[in-house]
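Notebook open, model loaded. I'm jotting down what I looked up, in order.

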Amino acid sequence: PLPVTLSEFTLSQYYNEILIAWTTQSESNTYRWNIYRGETENAIAENNVILVNDGIIEAAGSSTQPISYTYFDEEIEIGKTYWYYLESIELDGYTEILDVRSITVDDVPELRTELLGNYPNPFNPTTAIKFSLREDSNVALDIYNIKGQIVASWKPEHFDSGINQIIWNGKDLNGKKVSSGIYYYKMKIGDKDFSSKMLLLK
């Protein structure tokens with residue numbers, strides 16, 4: 001089988017950041033991912049790109065199930081067009097550019113109160129859960145395992161309007177590292193509830 005079967009690679013603007021999302025239908029011996037950004041369509045061939053991710057984006061290794069990944073690029077400028085390149089790296093060191101997409105950064109829209117997701121996702125061992133606030137708000141967060149047990153929790157805390165994040169280090173309430181798997185998180189912003197899920201890979 002092919003090392004990676006990529007089914008989707010998309011770019012979306014979230015205020016002054018770009019959400020990079022991709023889905024694989026299957027993977028075989030995939031070690032990690034890199035995302036590169038350039039300002040021309042041939043930037044990768046011209047070696048005129050920068051590495052977007054500031055750490056390792058873990059891959060699933062081998063899987064026959066669809067897996068979705070996300071990452072945010074925070075270093076963008078209004079009005080510019082960027083090309084993003086998705087690179088897979090196998091366990092034996094073989095690398096391949098799987099896809100390229102472009103996006104033009106529009107004026108920053110008015111902020112809404114919403115959960116933006118976590119990045120990187122999947123992650124190991126740390127991830128940032130991002131959210132936007134239209135106005136100053138109190139925010140609380142609970143993270144659950146697949147049994148519905150709370151493994152990490154943040155009591156209501158004041159956050160200023162704008163894009164914010166809460167960092168989870170992959171540890172439970174007792175400070176112990178949690179095991180690999182799917183985790184669900186629920187965020188309460190004022191009187192609104194939001195939820196999503198994430199995948200910890202080791």
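Before the first residue: I call a side chain buried under 20% relative accessible area, exposed over 50% and partly exposed in between (1.4 Å probe, protein chains only). A salt bridge needs a side-chain nitrogen of Lys or Arg within 4 Å of a carboxyl oxygen of Asp or Glu. This is a predicted model, with local features needing pLDDT of at least 70 and side-chain atom pairs 80 or more, while totals for chains, interfaces and linings use all residues. Residues are numbered from 1 along each chain as its sequence is written, and side-chain values use heavy atoms, without hydrogens and water.

Entry one, a charge. I looked up glutamate 58 in strand β4 (residues 57–63); strands are DSSP E runs of at least two residues, numbered from the N terminus. Glutamate 58 is buried but has no salt bridge. Its nearest side chain of opposite charge (Lys and Arg count as positive, Asp and Glu as negative, His and the chain ends not counted) is arginine 32, 7.9 Å away. Beyond four places in sequence, I find glutamate 58 in contact (heavy atoms within 4.5 Å) with Tyr31, Arg32, Trp33, Tyr69, Asn124 and Leu201.

Entry two, a sheet. I traced an open, antiparallel sheet of four strands, ordered β11-β10-β13-β14; pairing takes at least two DSSP bridges. β11 (150–159) and β14 (192–200) are the edges with a single partner each, so one side of each has no neighbour in the sheet. Seven bridges join β10 (residues 137–144) to antiparallel β11. Isoleucine 143 stands opposite alanine 152 in β11.

I checked phenylalanine 131 and phenylalanine 159, and both are buried.
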